[in-house]
Amino acid sequence: MPFVEKLVIHGGHPLRGDVQVRGGKNTSLAVLSAALLCDEPVTLENLPDIEDVHVLLELMRRLGARIQRSGRNATIDPRQLTSHRPAPELCRKLRGSYYLLGALLGRVGEGAIPYPGGCEIGARPIDQHIKGFRALGAEVDDRYGMVEARTTGLVGTEVFLDCVTVGGTINVMLAAARAQGNTMIFNAAKEPHVVDTANFLNSMGARVRGAGTDVIRIRGTQRLHGCTYTVIPDQIETGTLMIAAAATQGDVTLHGCIPAHMEALSAKLLEMGVRVDEQDDVIRVRSLGGHRAVNIKTQAYPGFPTDLQQPMSALLTTASGTSTVVETIFDKRFKHLDEMLRMGARAHISDRMAVIEGMPGLLGAPVYASDLRAGAALVIAGLMASGDTEIGNPQYIDRGYEKLEERLSALGAQIRRVMMQE
Ligand code: EPZ
């Protein structure tokens, strides 16, 4: 029988103490790709030490970008790109590889990527990305699992996105930054990392206005200059740690976060009876248990983030009363609940709604992560449960959370990574 990595958690220990929030995964994937648009070297700071960032940096190296790492910073010199075809096998490891297409189209006029990979949480088309590139004047072929785009010169235009899409908004913004003339994106996503990417583009001399609203104006520029830019903290890691603190009836102070990005979650935790105190770049979460059931409906920002739906579902399994979770963004994002049923959770799923009946507690059990945020949800369930929980497929968690078990152990969790027979 082969040996595989697992996380083993002995639950029932409250998380207590201070934790530093790391730089954002999804913003780093967008900002790193945007660096390829530049005509000079750029330095990015506060990058998280996670698998998705490692894979994207390797993709950029293979395209000819020269990259120097030092701690959480990376200096990217994109002046000698040698290819416009990112390695397909690496692209398939992460959804965020799609940003390379917008960046290459804007920088060298062509790019070809396979349909991107990423978490299995439902249909994940990129038709709006393609719609935007075609509106800017690119020819785009999406056949045989590949998306190939080319242009003799992008021209600014108006793009009305058919749905609110974070990736689509950012990808069109990247290409438009190097188009001739002005581009308006209507029905744009407003997530913090859309704003962060726009701020980075502007730091390189681009002219992006309106990011964070549903209309973004981009004035194309023929030349972008180098800069040093610090990416924002991870909104979803912040939320995951907040939920873990509440779930273990702990007292955790998160440092280096942006409370304004967390309003939807903070409001729900307060509704449940959790104490949430905010000050500058610090959030303190305390709980003595006795959580009230609540109803969650995921929405585009500033609504409740779909990426926190799974960790929140873990907390709801022991709230007193019946909670409902409506997932409006993705159509297969409840697999974590199937696993939690093995731990004594009571949930009924129909289509995009889960009804969770709060139980007195969870019992540790062997479970498997099916995707990144499902893995985070199972870690929270294991921290709450009495007894031991073994979590298979921890590599999903490593894609988006930096050294999670080390940082949770420092807060008092009994969690370790072991090799076990399958
Ligand atoms: C980004 O995915 C994030 N990933 C996801 O985080 C996050 O859940 C999602 O945004 C929503 O916030 C990255 O940033 C790498 P969308 P993305 O385009 O860009 C539909 C995590 O755990 N749609 O905003 O794929 C789509 O099917 C990951 O960190 C189209 O129909 O999300 C979905 O229903 C998981 N056509 C909705 O829009 C398109 O061309 C929102 O998708 C694009 C999207």
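Buried means under 20% relative accessible area, exposed means over 50%, and partly exposed lies in between, with a 1.4 Å probe and protein chains only. By that scale D280 is exposed, at 69% relative accessibility. This is a predicted model, in which local features need pLDDT of at least 70, side-chain atom pairs count only at pLDDT 80 or more, and totals for chains, interfaces and linings use all residues. Residues are numbered from 1 along each chain as its sequence is written, and side-chain values use heavy atoms, with hydrogens and water left out.

**The ligand and its shell**

- The ligand is surrounded by 25 residues.
- R95, Y98, T165, D307 and I329 are the closest.
- Eleven residues of the shell are nonpolar, seven are polar and seven are charged. Ala, Val, Leu, Ile, Met, Phe, Trp, Tyr, Cys and Pro count as nonpolar; Asp, Glu, Lys and Arg count as charged; the others, Gly among them, count as polar.

**Polar contacts and cover**

- A polar contact is a pair of N or O atoms within 3.5 Å.
- D307 has a side-chain N or O atom 2.5 Å from an oxygen atom of the ligand.
- V166 places a backbone N or O atom 2.7 Å from a ligand oxygen atom.
- N26 has a polar side-chain atom 3.1 Å from an oxygen atom of the ligand.
- On its own, the ligand has 820 Å² of accessible area, and the protein covers 90% of that. Areas come from the Shrake-Rupley method with a 1.4 Å probe.

**Elements around the ligand**

- Two or more shell residues come from each of α1 (25-34), α5 (127-135), α6 (166-176) and α12 (372-384).
- The largest share, three residues, comes from α5.
- Helices (H or I, at least four residues) and strands (E, at least two) are DSSP runs, numbered from the N terminus.

**Backbone features in loops**

- Y301 and P302 are joined by a cis peptide bond, with omega about 10°. P302 lies in the loop between β17 (295-297) and α10 (309-316).
- N187 is not a glycine, yet has a positive phi of about 65°. N187 sits in the loop between β10 (182-186) and α7 (192-203). N187 is partly exposed, with a relative accessible area of 23%.
- D280, also a residue other than glycine, has a positive phi near 50°. D280 is in the loop between β15 (275-279) and β16 (282-286).

Technical notes:
Near = heavy atom within 4 Å. Polar contact = N/O pair within 3.5 Å; in protein donor to acceptor, adjacent residues only side chain to side chain.
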